[in-house]
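Hi everyone, thanks for coming. Let me put today's structure up on the screen, and then I'll walk you through a few spots.

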Amino acid sequence: MTARDDGWVGPPRHRTVSATAPVPGTTPAPAESGVGHHAVPDQRPSRHPIATGSATAPAASTVDGDGRDRWFDLLRAAAIVRVVLYHMFPAAWLGLGFPAMGVMFALGGSLMARSVDRSPTRAVRGRLRRLLPALWLLGAVLVPAMLLLGWDDRPGWPALLLWLLPLAEPPATQWAEPVSGILWYLVTYLWLVLLSPLLLKLYRHARVATVLAPLVLLPLYQLAPWPFGDRSASVVEDLLTFAACWVLGFAHRDGDLRRLPFPLVLAGSAVVTAGAVGWVVRHHVDLPERPVAYAVYSIGFVLVLLRLTPKLDFLTRHRRADAAVRLLNSRAVTIYLWHNAAITLAFPLGDLLPVLGGGADLVYTAVALWLLALIVLHVGWVEDLAARRRPRLVPT
């Protein structure tokens, strides 16, 4: 088990895009959805009824009696679990088996499209309201700790304001980088939220071109010199890497993916994922180290997962499984923001405990999960406040 995060190691311009993800999910307020969240569908007609005549509601087989898309809930819960497991046991097969980051951005794009149709301003404002309080709580703990323990290369106050509005990755000391390094996901999510009203218009004007544009611009960007600094360079690279998945979320919400024959989607997915894997194998590199290949690989998974409309009756029949999925969705932001802190702290705390035989990894894992559970229990209610719900310790 390791606390090392391949999403932040190395120079920012060529920073490896982590195969982890997630933001965030929770049981939302009825009016709007948040980071990785979705709400009870609005019964009001959309201001943009989709000129193509496509349906904007999820397939009925995936929606429960509360209006929640349980397929989205299950995908988000799986992504959260995969994130934590990957940072505990950074095995390549975890990233290949389920590219959680691309999936999470696709879910966010689908939910954002619905909200933008109702009100672009409210959609952006609602996402910010749900995303930022949990980040502010992390910053309220981490920034004072970094200042008190000594921060030799502390940047000026304008840079520290990124802890309030993360338009770029907030600065941190070296010992805090395992925690702050995962914030690139929130930065990318925030920019995609801000750009969604424009991106949605572009998508409905030129659908295929809008999906492909980031994949065309990404290699051109990597070859061209970037004069505005490494911090902004990494933001642009991450944005271009996952913008196509976000726009495919628009295609899901507009019903464009649903109109494609599933065998065609499956065949296309097999081609692009095999092509991405073949490219990195030929060049002897890890998939997340090549943003273009990882973007294409993620698209292959997103196409299939968003095209599926499985029946999820087993969640209703198995109450414990259903409660676990709801809990993971309701506390996804907290789990994402704090899981690396729990993993990092597990090492010194685990060293204090007796270890039998070769069970050190098991001890570290147990301590990390115990710390994460305590953190979620004590600060997870911030997500309830951000969603304008009654705070609950265990929202199952």
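I'll start with salt bridges, then turn to a helix and the surface.

Please keep in mind that this is a predicted model.

The structure holds eleven salt bridges in total. One of them pairs Arg 204 with Asp 254, with the closest N and O atoms 2.9 Å apart. Arg 204 sits in helix α7 and Asp 254 in helix α9, so this pair ties together parts 50 residues apart in sequence. Arg 204 is partly exposed at 23% relative accessible area, while Asp 254 is buried at 0%.

Now let's look at Asp 384. Arg 331 forms a salt bridge with Asp 384, and here the closest N and O atoms are 2.7 Å apart. Arg 331 lies in the loop between α13 and α14, and Asp 384 lies in helix α16, so the bridge links parts 53 residues apart in sequence. Arg 331 is buried, at 0%, and Asp 384 is buried at 0% relative accessibility. Asp 384 also meets the side chain of Arg 389 in a salt bridge, at 2.4 Å from N to O. Arg 389 counts as buried, at 16%.

Next, which helix holds Leu 337? That's α14, residues 332–351. Leu 337 is buried, with 0% relative accessible area. Its contacts include Ala 134, Leu 138, Val 179 and Ile 182. The C-alpha atoms of Leu 337 and Ile 182 are 7.5 Å apart, although 155 residues separate the two along the chain.

Finally, the surface: a nonpolar patch of about 510 Å² includes Trp 136, Leu 165 and Leu 194. Leu 165 is in the loop between α5 and α6, and is partly exposed at 37%.

Definitions and conventions. Residues numbered from 1 in each chain as written. Predicted model: local features only at pLDDT ≥ 70, side-chain atom pairs only at ≥ 80, totals over all residues. Heavy atoms only, no water. Patch = residues over 30% accessible without salt bridge, like charges linked within 9 Å, V, L, I, M, F, W, Y side chains within 5 Å. Areas by Shrake-Rupley, 256 points an atom, 1.4 Å probe, with all protein chains shown as cover. Salt bridge = Lys/Arg side-chain N within 4 Å of Asp/Glu carboxyl O. Helix = DSSP H or I, 4+ residues; strand = E, 2+ residues; numbered from the N terminus. Buried < 20%, exposed > 50% of the residue type's maximum accessible area, 1.4 Å probe, protein only. Contact = heavy atoms within 4.5 Å. Lists of a residue's contacts leave out its neighbours within four places in sequence.
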